[in-house]
Amino acid sequence: YEPGDALGIVHRNPAAAIDGVLRAARLDAAAVVEHDGRSQPLGAWLEVDREITKLSRPFLEAHARLSGAADLAEALAPAGAARLRELLADWQVADVLKRWPAAWTPATLVAALRPLAPRLYSIASSRLAVGDEVHL
């Protein structure tokens, strides 16, 4: 590697986070879901392919429609900007599913969650100076 290159970490969601989503949504990890030309169990989608530890506005909008939660819809309105910032910063998918229950199916949940992206970190060290270590 050279200084300025990136080191990519492919993240897996922790089992506790996956279990929290499944329990809150009352869904079965073994349910097979077809999405984007791929077919695999819901548990696998949640482990390696979908972001469940960080909320997104599109997921919250879909959840507000599905749950009919007026207070969640208010947080998504312009006047609710402070509440929306709090939700996006401090809440996870399981928290939202618990607070505002909704009838998600495995397929609609997978489609509503954004893909799990790798974390990229800039390499700030030189192999000439530190050998096989990587300084980020």
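Which residues form a nonpolar patch on the surface? The model is predicted, and in this model the patch consists of Leu7, Ile9, Tyr121, Val134 and Leu136. Together they have about 410 Å² of accessible area.

**Surface patch**
- Val134, one of the patch residues, is found in the segment after helix H8 (127-130).
- Val134 has 34% relative accessibility and therefore counts as partly exposed, because that class lies between the 20% limit for buried and the 50% limit for exposed.

**Aromatic pairs**
- The count of aromatic pairs comes to two.
- Phe59 and Trp104 are stacked, because their ring centres are 5.6 Å apart and their planes are at 15°, under the 30 degrees that stacking requires.
- Phe59 and Trp104 are both buried.
- Trp91 and Trp100 are also stacked, because their ring centres lie 5.5 Å apart with the planes at 20°.
- Trp91 and Trp100 are both buried.

**Helix H2**
- Helix H2 spans residues 42-49, and its buried residues include Leu42, Gly43, Trp45, Leu46 and Asp49.
- The cover over the buried residues of H2 includes helix H1 (15-25), strand S2 (32-35), strand S3 (38-41) and H7.
- In an α-helix, residues three or four places apart point the same way, because there are 3.6 residues a turn.

Definitions and conventions. Residues numbered from 1 in each chain as written. Predicted model: local features only at pLDDT ≥ 70, side-chain atom pairs only at ≥ 80, totals over all residues. Heavy atoms only, no water. Patch = residues over 30% accessible without salt bridge, like charges linked within 9 Å, V, L, I, M, F, W, Y side chains within 5 Å. Areas by Shrake-Rupley, 256 points an atom, 1.4 Å probe, with all protein chains shown as cover. Salt bridge = Lys/Arg side-chain N within 4 Å of Asp/Glu carboxyl O. Helix = DSSP H or I, 4+ residues; strand = E, 2+ residues; numbered from the N terminus. Buried < 20%, exposed > 50% of the residue type's maximum accessible area, 1.4 Å probe, protein only. Phe/Tyr/Trp six-rings, centres within 6.5 Å; stacked < 30°, edge-to-face > 60°. Contact = heavy atoms within 4.5 Å.
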